[in-house]
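Open the model in your viewer and keep the selection tool at hand. The stops below say what to select next and what is there.

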Amino acid sequence: MKKVQASPFFTVLADEATDVSNKEKTPIVIRYVNQNEIREDFVGFAECANGTAGATLATLILSQLKSWGLDTAKVRGQGYDGAGNMAGKLNGCAANIMKEHPKALYLHCSSHTLNLCIMQCPSMHLVTTMWTSLRDVGLFFNTSPKRNGKLESVISATSND
């Protein structure tokens, strides 16, 4: 968190998801600049105990950022999917955050845009092959504790943090 705190500005990326225990969670990712390098780091989950309405999610995200010691006045961007509760112009999460922080502009998240594009082309052989390969690599590591442990140690060793 110290690197994000040292950055003059940051963008928040979030989405809602239901976990295996059937609870709504909001994963939060922060995009910021660190030593002239753009970073995107997952910082944690926030439980949507009070629902997923736009105002509720805005309050949840802002309070979670504050609990991590981040100055919400530094928020300059928001990236979410295009769902009404996130992107709605009047009562969406982005609109509610912009009421408090007008410089926190909303843009449709590029990852969601890419996913929407990919979902429109399942008949393309290269796309199907790519997704199959990604799935197979995930299965390769997730089905063996030894391989998973080795992967985690390699990732830790090559991490810049």
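## Stop 1: a surface patch

Select Met-130, Trp-131 and Leu-134: together they form a nonpolar patch on the surface with about 290 Å² of accessible area. Patches are made of residues with over 30% relative accessible area and no salt bridge, where nonpolar side chains (Val, Leu, Ile, Met, Phe, Trp, Tyr) are joined within 5 Å and like charges within 9 Å. Accessible areas come from the Shrake-Rupley method with a 1.4 Å probe, and for residues only the protein chains shown count as cover. A salt bridge is a side-chain nitrogen of Lys or Arg within 4 Å of a carboxyl oxygen of Asp or Glu.

This is a predicted model, in which local features need pLDDT of at least 70 and side-chain atom pairs count only at pLDDT 80 or more, while totals for chains, interfaces and linings use all residues. Residues are numbered from 1 along each chain as its sequence is written, and side-chain values use heavy atoms, with hydrogens and water left out.

Trp-131 belongs to helix α6 (residues 125-142). Helices (H or I, at least four residues) and strands (E, at least two) are DSSP runs, numbered from the N terminus. With a relative accessible area of 38%, Trp-131 is partly exposed. Buried means under 20% relative accessible area, exposed over 50%, and partly exposed in between (1.4 Å probe, protein chains only).

## Stop 2: aromatic pairs

How many aromatic pairs does the structure hold? There are three. Rings of Phe, Tyr and Trp (its six-membered ring) pair if their centres lie within 6.5 Å; planes under 30 degrees apart count as stacked, over 60 as edge-to-face and the rest as tilted.

Select Tyr-80 and Tyr-106. Their ring centres are 5.9 Å apart and their planes are at 15°, so this pair is stacked. Tyr-80 sits in strand β5 (residues 75-80) and Tyr-106 in strand β6 (residues 105-108), so the pair ties together parts that are 26 residues apart in sequence. Tyr-80 is buried, at a relative accessible area of 0%, whereas Tyr-106 is partly exposed at 23%.

Move on to Phe-140 and Phe-141. These two form an edge-to-face aromatic pair, with 5.0 Å from centre to centre and 85° between the planes. Phe-140 is partly exposed at 43% relative accessibility, and Phe-141 is partly exposed at 22%.

Arg-147 lies over the face of Phe-140, 4.2 Å from the ring centre. A charge sits over a ring if NZ of Lys or CZ of Arg is within 6 Å of the ring centre and within 35 degrees of the ring normal.

## Stop 3

Where is Lys-23 found? Look in the loop between β2 (17-18) and β3 (24-34). Lys-23 is partly exposed, with a relative accessible area of 40%. Leaving aside neighbours within four places in sequence, Lys-23 is in contact (heavy atoms within 4.5 Å) with Ala-17, Thr-18 and Glu-47. Select Cys-48 as well: Lys-23 and Cys-48 are 25 residues apart in sequence, and 7.8 Å apart in space from C-alpha to C-alpha.

## Stop 4: two residues with positive phi

Most residues other than glycine have a negative phi. Select Gln-35, in the loop between β3 and β4 (37-47). Gln-35 is not a glycine, yet its phi is positive, at about 50°. Asn-36 is in the loop between β3 and β4, and its phi is a positive value near 60°. Gln-35 is exposed at 74% relative accessibility, and Asn-36 is exposed at 80%.

## Stop 5: salt bridges

The count comes to five salt bridges. Select Glu-47 and Lys-25, whose side chains meet in a salt bridge (3.9 Å, N to O). Glu-47 lies in strand β4 and Lys-25 in strand β3, so the pair ties together parts that are 22 residues apart in sequence. Glu-47 is partly exposed at 39% relative accessibility, and Lys-25 is partly exposed at 22%.

Next, select Glu-100 and Lys-66. The closest N and O atoms of this salt bridge are 3.8 Å apart. Glu-100 lies in helix α4 (residues 93-100) and Lys-66 in helix α2 (residues 54-67), so the pair ties together parts that are 34 residues apart in sequence.

Finish with Arg-135 and Asp-136, a salt bridge with its closest N and O atoms 3.2 Å apart. Asp-136 is partly exposed at 38% relative accessibility.
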